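Hi everyone, thanks for coming. Please have a look at the sequence and the structure, and then I'll walk you through a few parts.

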Amino acid sequence: MLSALHAYGVEPDLLVGTSVGAVNAAYLAAPGTTGARLETLVRLWERMRRQDVFAVDLRRWFGAARGTQPSLFSGAGLVRLLERNLGYDSLEDARIPVLVTASDLVTGHGLLLRTGPVVSAVRASAAVPGILPPVARDGRTLVDGAIGELELLHHTAALGVSDIYLLPAGYPCAGARPTSALGTVLTALSLLLHRQLSAQVRGYAGSARLHVLPPLCPLSVSPADFGQTSALVARARDATRRWLETRAHTPGDATVLALHTHHDRPPQRDRGPSRALVPVPDP
């Protein structure tokens, strides 16, 4: 999506990222040119494997089961990834202003992080509860930005921007159900974020023009599958290019985010009696 927007001449003056989107936003905001950062971002994801972030540690899993560890994975792999590739220390040092969302695990409030260490901010935004450890920051315990209550579009519009391009990563739609615990948690989180975005788009009344890019659908790749990056990037680039060329959807059209139709099929009913008796109290 970012590559297609860049090729079309849409250059960001501000980046706002949630969860894994915070990783991409923070990387793109680093020193350098947007085109070069996009190319290396694609190559970085193409080299990634699940164990780079979600390395199995049976002792930690046992500790998590006993309640002595806060998460199944340590988060050390994500820290290494960020420290080796972001190239700057504080959010204030970004080439393009960047904000990342996080959620207060105690209050449920959503937050926009705009200052301070960039690695801890992105770690907090991507800290899937139970999967990656919470991040202590400014006296708060922070987890994934998709969890908390935050009117992201409203807050973004209030910053004075003229146009908002919403880039939803989508959710695994019309595909096989996840079979692993990790895949199930990440899929559930992506569904939660997708529904929140859809509701915010429907209720958006800000002054900035809202452009909602179409997510990939059907999409059968699990969020825990790091092996199909190249194909997904190519599909997303083509879909975004077609959207930019045709503008088939009016800006801010919430139907772009509608769940795939297979989610809306009514459940099959067993044949039963044609009349129902519902007892009620005597008047």
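Helices here are DSSP runs of H or I with at least four residues, strands are runs of E with at least two, and both are numbered from the N terminus.

Now, a bit of background. This is a predicted model, so to speak of local features we need pLDDT of at least 70, and side-chain atom pairs count only at pLDDT 80 or more, while totals for chains, interfaces and linings use all residues. Residues are numbered from 1 along each chain as its sequence is written, and side-chain values use heavy atoms, with hydrogens and water left out.

Okay, the overall picture. The protein has 10 helices and 7 strands. Of its 283 residues, 43% are buried. Its accessible surface is about 15,800 Å², and carbon and sulfur atoms account for 53% of that; such areas come from the Shrake-Rupley method with a 1.4 Å probe, and for residues only the protein chains shown count as cover. Next, contacts, meaning heavy atoms within 4.5 Å. Take those between residues at least 6 apart in sequence: 72% of them join residues at least 24 apart.

Let's zoom in on helix α6, residues 76–85. Which of its residues are buried? They are Gly 77, Leu 78, Val 79, Leu 81 and Leu 82. These buried residues pack against α2, α3, α4 (50–53) and α7 (118–125). After α6 comes Gly 87, with a positive phi near 85°.

Two of those partners, α2 (residues 20–28) and α3 (residues 34–47), also pack on each other, at an angle of about 140° with axes 9 Å apart. Axes are lines fitted to C-alpha atoms, for helices over the stretch in contact, and angles run from 0 to 180 degrees between N-to-C directions. That angle makes α2 oblique to α3: under 35 degrees counts as roughly parallel, over 145 as roughly antiparallel, 65 to 115 as roughly perpendicular, and the rest as oblique. On the α2 side, the residues meeting α3 are Val 20, Val 23, Asn 24, Tyr 27 and Leu 28. By class, this contact of α2 with α3 has 8 nonpolar, 3 polar and 1 charged residues. Here Ala, Val, Leu, Ile, Met, Phe, Trp, Tyr, Cys and Pro count as nonpolar, Asp, Glu, Lys and Arg as charged, and the others, Gly among them, as polar.

What about α2 and α7? Their axes come within 7 Å and cross at roughly 155°, which makes α2 roughly antiparallel to α7. Ala 22, Val 23 and Ala 26 in α2 meet Val 118, Val 122 and Ser 125 in α7. That contact divides into 5 nonpolar, 1 polar and no charged residues.

Last, two single residues. Thr 18 sits in the loop between β1 (15–17) and α2. Is Thr 18 buried or exposed? Thr 18 is buried, because its relative accessible area is 17%. Leaving aside neighbours within four places in sequence, its contacts include Ser 125 and Leu 152. Then there's His 211 in strand β7 (residues 209–212), buried at 7% relative accessible area. The C-alpha atoms of His 211 and Tyr 165 are separated by 4.8 Å, though these residues are 46 apart along the chain.

Key:
Buried means under 20% relative accessible area, exposed over 50%, partly exposed in between (1.4 Å probe, protein chains only).
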